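This briefing covers strand pairing, helix packing and nonpolar cores. Please view the sequence and the structure together.

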Amino acid sequence: MYIDMNSYFASCEQQRHPELRNKPLGVLTYDSPNAAVIAASNEAKKFGIKSGMRLGDCRLLCPQMITTTTHPGWYRQIHVAIMAILHRYCDDVIPKSIDEAVVNFNSYRLVYNDLTTIAKQIKADIKAEYDYLTCSIGIAPNSFLAKVGTELQKPDGLVIITPDNIDHHLATMELNGLPGIAANNERRLKMIGICTPVEMRHASPALLRKAFGGVVGNYWHSRLNFGEVDMYRKSENRTMSATRTLSRKQSEDRQTLESMLISLCTRLEQRLVKSNLFCKEVSFSIRYSDGTRWDTLVKLADPLQDAMEMISYIKERITDFERSHGLSTIFTPKTMNLGVGISSFMNGEVMQYSLFDNKIKKDAVRRVMYQIKDRFEQKNIVRKGCELYVPNVMKDAIGFGSVRDMMMKKGEVKNKYMLEEEDMPRPLPKKLKPEYPKASDCEDGYYDPGNPLFDDTLNETYHMATTIY
């Protein structure tokens, strides 16, 4: 059974703010005239608005469209709640994305006689907890075809694919409608005479190997003929990364770029501490607006967890490159994207320290610091400490691949920090609580209930925490 939430981010915003319901809504990462809509509500989709469209183009199709910025912590909280609902019916639940999951009922054949009934109960359970959220569910002999089933009927669909009706369903689709078949794969298939999903299903493995250039062709033949090749679980991270795309204004300020680098490294430090992991490889990349890029990979003799150590290694590589090429800086106004990645993890429980550079106390202090932050609800105070010169450098990102950090472990979320809502305002006394305007009254139709408000107590705590760190 494959569960795909409909217009997930937009529906989450409409769930939290009833005044946005039944209205065309676009969700933006940043409030900018050139921003791209990352999610459109069901009402907005009726006007032809799709994810990835620029805001100006959306306004041409739907002038009355309302926009709001993302609140990733809220989306993650709902994701965890939905996963908990699925776990009521089956222990084998594999999140595929923040808005998708596959449930493996193969071991429950003697428990459930009819999965259609279970699917309807799951829909009802989600509706009972979040009355504005809907999902499309596909049921099939393998996870790929179950995913195809969710694409056939939206929103709020329920499709069962069987050996008897599979050709009928595939006949209603184009090649690029199959998950995983993009423009290049479609072109390869058509070059060898396969023009429809039905033809692809009945093609021989040898012909599909010719189209895809190897064993991938066998995988596609198996998928379309009820074999299972996609049901796997990545319970642990093999890599972690933090990347951000920069605006033109940010790219022109060297201090902003360096603050962004520090923010990215402190976010990874947070993830390492929460996962009790250390890394032995650190990578850094810069992408420029002219299509060029600069990358470096640092392989470490001793595993690390500290953000400032990551930054020192990265800056050392940057300095060496700048000197050898006679450059003043690689942080030019053409900088479009910064990314930091870590890999080759070692569990903190089996960490071996050097005799000559013992970091046991330093690592212990770091863990205590994060425990103090959690206790006093100053979740991101360390990362925010790097933004004293340039505030609000790094906005929280949704992180589609970060669902592994939210997997249920013994009934609890493995890394609870993923549920933090850093962009939500702290509760204020009733007399100070602002009155948010209605969406219809907002200038340019923009609505953002998530602007942070800080009082003197929070600023004092913030100063103390950053000074201690």
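Glu281 stands opposite Lys299 in β11, and strand β10 (residues 277-288) is joined to β11 by eight antiparallel bridges. The model is predicted, with local features needing pLDDT of at least 70 and side-chain atom pairs counting only at pLDDT 80 or more, while totals for chains, interfaces and linings use all residues. Residues are numbered from 1 along each chain as its sequence is written, and side-chain values use heavy atoms, with hydrogens and water left out.

**Antiparallel sheet**

- Four strands form an open, antiparallel sheet in the order β9-β12-β10-β11 (strands are DSSP runs of E, at least two residues, and helices are runs of H or I, at least four, numbered from the N terminus; two strands pair if DSSP finds at least two bridges between them).
- β9 and β11 (293-304) are the edge strands, each with a single partner, so one side of each is left without a neighbour in the sheet.
- From one strand to the next the twist averages 15 degrees (axes are lines fitted to C-alpha atoms, for helices over the stretch in contact, and angles run from 0 to 180 degrees between N-to-C directions).
- Helix α13 (residues 254-275) packs on this sheet, touching β9, β10, β11 and β12 (contact means heavy atoms within 4.5 Å), and its direction makes about 25 degrees with that of β12.
- Seven bridges pair β9 with strand β12 (residues 335-347) in the antiparallel sense, and Ala242 stands opposite Val340 in β12.
- Strand β9 (residues 239-245) has Met240, Ala242 and Arg244 on its covered face, and Thr239, Ser241, Thr243 and Thr245 on the uncovered one.

**Mixed sheet**

- Five strands form an open sheet of mixed pairing, in the order β5-β6-β1-β7-β8.
- The edges are β5 (93-97) and β8 (158-160), each with a single partner strand, so one side of each lacks a neighbour in the sheet.
- Strand β1 (residues 2-5) pairs with strand β7 (residues 135-139) over four antiparallel bridges, and Met5 stands opposite Cys135 in β7.
- Helix α4 (residues 72-87) lies across β1, β5 and β6 (100-103), at about 150 degrees to β5.
- Helix α6 (residues 143-152) lies across β1, β6, β7 and β8, at about 35 degrees to β1.

**Nonpolar cores**

- The largest nonpolar core has 37 residues, of which Met1 and Tyr8 touch the most other members (a core is a set of buried Ala, Val, Leu, Ile, Met, Phe, Trp, Tyr and Cys residues joined through side-chain atoms within 4.5 Å; buried means under 20% relative accessible area with a 1.4 Å probe, protein chains only).
- α4 gives the most to this core, with eight residues.
- Apart from this core lies another, of 31 residues, including Leu277, Val298, Ile314 and Leu338.

Definitions and conventions
Buried means under 20% relative accessible area, exposed over 50%, partly exposed in between (1.4 Å probe, protein chains only).
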